[in-house]
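Please consult the sequence and the structure alongside the text.

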Amino acid sequence: MRTFPALPLSLLLLLLSLSLLILLPSASHAHNITRILAKHPDFSTFNHYLTLTHLAEEINRRETITVCAVDNAAMSDLVSKQLPLYTVHNVLALHVFADYFGSKKLHQITKGSTLTATLFQATGKASGTSGYVNITDLKGGKVEFGAEESDGKPKATFVKSIEEMPYNISVIQISRILTSSEAEAPTSGPTLNLTSLMSKQGCKSFSDLLISSGAVDTFTENLDAGLTVFCPSDAVLAAFMPKYKNLTAAGKESLVLYHGVPVYQSMQTLKSSNGLTNTLATDGASKFDFTVQDDGEDVTLKTKVVTATVTGIVVDQEPLIVYKIDKVLLPAELFKPAAAPAAKGKKGEEDAEAPGPDASADDAADQTASDNGTARLYGGGLVTAVLMVLWSGVFGLI
């Protein structure tokens, strides 16, 4: 029998440590309920309201969670009630359990029935046991779900498992909306004074424009459903005011409205929502949109005229969030887009087509890809190479 030389203890420990680094799951692979449901179009309405009510962010923060999703047809029953967004939040929070229930566990419930807490219970708005859901394993392989205080309303049944990551997140489909009188009780939203909050946090100049342009009413009307505001700093606005004064009254209002988006977008959501975004100024053919782009550490807002960078968060009180930006957003509907410099041919003459406005962005993307490739080399490839060498030493292959 062939024998192998004993490796030093320090080398063995290094080998073990490197092996564990590869085997242990990375924190970057945490679950994302929005992405999970995005793969299943039948749950698009449920997914949409998880985002609107900010439950998606709460789900993603939890390490152990079960989401009871309902398809678009079942969601129509809830949507048709036209409940306030805060009430919809409570109803959907009843569908998120603070425990893990995969399909196997659902069919092996001890004593046939169990009571589990939901995120509605975690809000502190549910009295008694109204924030709990009763899960029952029934004859014939059926599993039934019902709010503890469902007031005799029909219960839901387990349909199928959508995705399971034991014991991190389980996403299952149930047949109908779970509800209770407490979850559907009218809920008032927080009282927020938009202009006052902005004035106290370094956005007084923009706050004044909200009032003087008449746009403040539109901003305020959208607070209940969620509102994101991009506020140029006072210094930036001071330099821009000569151009602003040359706009018509309608133009001034549209410019201010252009800095508002009618949905709450946290920084996490903003970074994942790359693409065109409508604004409060959008009106049919008058697009008044801009492109949100995650540029590594920064988030940029690109119009056809200017590119602004988000420099910080001024206010974050759901359903309102206000970001500070380093430039005034200029819509193409009010300002002439800057002409791209003409490219020169081999002999110095101007070519027919100038480079696109995103050429610098492409260069940045290439550099990012290169950096990521380097990171992969040193973060994964190097570890793998070291392990190969070490294992080769163990088995006498080198």
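In this predicted model, a search of the whole structure finds one disulfide. Its partners are Cys203 and Cys231, whose sulfur atoms lie 2.1 Å apart. The two cysteines are 28 residues apart and link distant parts of the chain.

**The disulfide**

- A disulfide is a covalent bond between the sulfur atoms of two cysteines.
- Cys203 is located in the loop between helix 9 (194–200) and helix 10 (204–213), whereas Cys231 is located in strand 8.
- The link of Cys203 and Cys231 is left-handed, with -125° about the S-S bond.

**Burial of cysteines**

- Cys203 counts as buried because its relative accessibility is 0%, and buried means under 20%.
- Cys231 is likewise buried, because its relative accessibility is 0%.
- Is Cys68 buried or exposed? Cys68 has 0% relative accessibility and therefore counts as buried.

**The sheet containing strand 8**

- Strand 8, which carries Cys231, belongs to an open sheet of seven strands with mixed pairing.
- The strand order in this sheet is 9-8-14-13-12-11-10.
- The edge strands are strand 9 (260–261) and strand 10 (275–277), each of which pairs on one side only.
- Strand 8 comprises residues 227–232 and runs antiparallel to strand 9, to which two bridges join it.
- Which residue of strand 9 is the bridge partner of Val229? The partner of Val229 is Gly260.

Notes:
Residues numbered from 1 in each chain as written. Predicted model: local features only at pLDDT ≥ 70, side-chain atom pairs only at ≥ 80, totals over all residues. Heavy atoms only, no water. Pairing = 2+ DSSP bridges. Helix = DSSP H or I, 4+ residues; strand = E, 2+ residues; numbered from the N terminus. Disulfide = S-S within 2.5 Å. Buried < 20%, exposed > 50% of the residue type's maximum accessible area, 1.4 Å probe, protein only.
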